[in-house]
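Have a go at each one before you read its solution.

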Amino acid sequence: MFEIDINDYGYDCEGVGRRDDGKVCFVPYTIKGERVLAKEIEEEKSFVRCKCEEVKKKSDKRVKPLCPYFEVCGGCNLQHVCYDEELLIKKEVLSKQLCKAGYKGEIKVERSENEYFYRNKIKLFRAEKGLGLKKPASNEVVVIEDCVIAEKDLGRAIKGVQTFVRAQNLLGQLKEVTLKCQGDDVLVWFNFEKDVKVSFQGLQIMLGYGSGIFVSVGNDIPHKVLGAENLTFKENGIDAKMKVNSFRQVNTPVADKLYDLVLKNIKVGDVVNAYSGAGLLTGMIAKKNRCYGIEIGVAEHNDAERLKRENSLGKMFNFLGDVGRILPKVLSKNIKTVVLDPPRKGCDKRVCEILDNSVVERIIYISCDSATLTRDLQRLKNYKISSATLFDMFPKTSNMETLVVLDKITLKKLPIKKEK
Ligand SMILES: C[S@@+](CC[C@H](N)C(=O)[O-])C[C@H]1O[C@@H](n2cnc3c(N)ncnc32)[C@H](O)[C@@H]1O
């Protein structure tokens with residue numbers, strides 16, 4: 001144990017200080033300006049992972065966490081700090097990352113309307129005594145009865161599902177349960193280890209008749225056993241229906257702001273929307289521009305095809321497959337903007353190479369992982385970052401959504417020398 005001053009933040013927004021011997025120490029749940037009593041957990045060659053045993057000098061930005069599971073559950077790691085400071089920490093962490101890609105300009109920050117109760121989706125894992133979330137940096141599950149970052153309707157559904165799985169003795173056979181909501185309509189997907197006979201009628205009564213219940217075994221696709229097939233909603237003038245296993249941004253009001261900024265930055269001409277999910281953004285773009293969506297997930301692709309049909313979007317084209325394989329086929333001189341919204345692992349190296357050698361004028365890169373974003377920005381050598389915006393899609397956690405606009409670097413035309 002040793003006392004240490006916290007004077008920086010690490011990639012996960014954890015406090016960082018230096019021990020007397022000069023070694024860098026990472027101390028989660030601490031704030032810059034604090035002096036803490038730290039306990040060494042694990043010593044690596046160049047740094048030490050620590051646990052904060054006691055805050056000796058408290059920051060005035062420290063607040064009481066709302067959740068009883070905070071620090072035990074790995075779902076959140078920023079409930080100990082007030083919201084304004086949380087945003088400053090995230091901005092600082094992002095700024096350090098973007099600096100590595102040569103960007104020293106302004107980073108705009110879009111707050112979340114809801115600091116708590118914002119998630120429209122949660123995945124719970126089986127433990128011996130109930131369902132829960134994984135502990136920080138561990139596969140061990142902590143049972144939770146409620147979650148303060150889940151939308152309130154989702155919170156009510158979590159309680160109903162917990163009661164149901166305990167009453168039906170399902171914990172032995174379950175792997176995980178995914179819950180998604182739109183208002184008070186909830187879809188619940190039970191993923192079992194093996195085939196199980198269960199009656200879900202009681203659960204559906206508990207959740208309400210707008211809900212839907214799905215079951216899968218192992219890696220199978222979920223099939224509906226009761227109730228609604230999809231979640232139905234309208235976003236930016238698009239009518240959408242989404243399956244339980246289709247991708248949707250988890251914080252709807254922040255996603256709306258994110259989509260608005262994408263639309264504002266689209267150039268005149270055709271667009272490719274790579275990693276397009278269930279087609280919501282492709283549909284919004286296709287209201288004006290011809291837009292080609294590329295998506296590898298079958299459930300998402302089918303949702304996108306239906307969205308195109310039901311919104312009569314003649315300028316929307318959905319391709320099913322890997323971006324690296326399909327992008328070269330759809331790139332043409334008419335494509336002026338490419339929107340990238342890859343999963344956490346970022347784009348394949350090949351995708352960056354294809355784009356870097358293309359004549360696309362603008363790339364709009366949406367990312368939920370600033371490290372892989374930075375790596376990909378470094379690969380796009382022929383593009384310059386014009387703007388960067390942090391969208392706080394995941395308050396109370398160190399995760400963040402970033403939108404970067406990149407423009408093609410064009411060599412200035414040299415004046416033509418007149419022959420004498
Ligand atoms: C972050 S989501 C983006 C969804 C969409 N832009 C939206 O806002 O709803 C990433 C999507 O990329 C898809 N994906 C992952 N790897 C892919 C690949 N190699 N090629 C095409 N799509 C991929 C995933 O299935 C997922 O739907």
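**Exercise 1.** Which residue of β16 is the bridge partner of Phe 233?

*Solution.* Start at Phe 233 and look across to β16: the bridge partner there is Ala 240. Next, zoom out to the strands (DSSP runs of E, at least two residues, numbered from the N terminus). β15 covers residues 231-235 and pairs with β16 in the antiparallel sense over five bridges; strands count as paired if DSSP finds at least two bridges between them. Then check the hairpin: two residues sit between β15 and β16, and Asn 236 has a positive phi near 50 degrees. Finally, sort β16 (residues 238-242) by face: Ile 238, Ala 240 and Met 242 are on the covered face, while Asp 239 and Lys 241 are on the uncovered one.

A quick word on the model: it's predicted, so local features need pLDDT of at least 70 and side-chain atom pairs count only at pLDDT 80 or more, while totals for chains, interfaces and linings use all residues. Residues are numbered from 1 along each chain as its sequence is written, and side-chain values use heavy atoms, with hydrogens and water left out.

**Exercise 2.** In what order do the six strands of the open sheet run?

*Solution.* Read across the sheet and you get β1-β5-β6-β4-β3-β2, with mixed pairing. At the edges are β1 (2-5) and β2 (8-9), each pairing on one side only.

**Exercise 3.** Which residues of α2 are buried?

*Solution.* First find the helix (a DSSP run of H or I, at least four residues): α2 takes in residues 152-167. Then list its buried residues (under 20% relative accessible area, 1.4 Å probe, protein chains only): Leu 154, Gly 155, Ala 157, Ile 158, Gly 160, Val 161, Gln 162, Phe 164 and Val 165. What covers them includes β8 (121-127), β11 (174-182) and α3 (201-207). After the helix comes Asn 169, with a positive phi near 55 degrees.

**Exercise 4.** Which residues come nearest to the ligand?

*Solution.* Of the 15 residues around the ligand (a heavy atom within 4 Å), the nearest are Tyr 259, Glu 295, Asp 322, Val 323 and Asp 341. Take Tyr 259: an N or O atom of its side chain is 2.7 Å from a ligand oxygen. Asp 341 places a polar side-chain atom 2.7 Å from a ligand nitrogen.

Conventions:
The expected span of a helix is 1.5 Å times one less than its number of residues. Buried means under 20% relative accessible area, exposed over 50%, partly exposed in between (1.4 Å probe, protein chains only). Contact means heavy atoms within 4.5 Å. A polar contact is a pair of N or O atoms within 3.5 Å; within protein, one must be able to donate a hydrogen and the other to accept it, and residues adjacent in sequence count only if both atoms are side-chain atoms.
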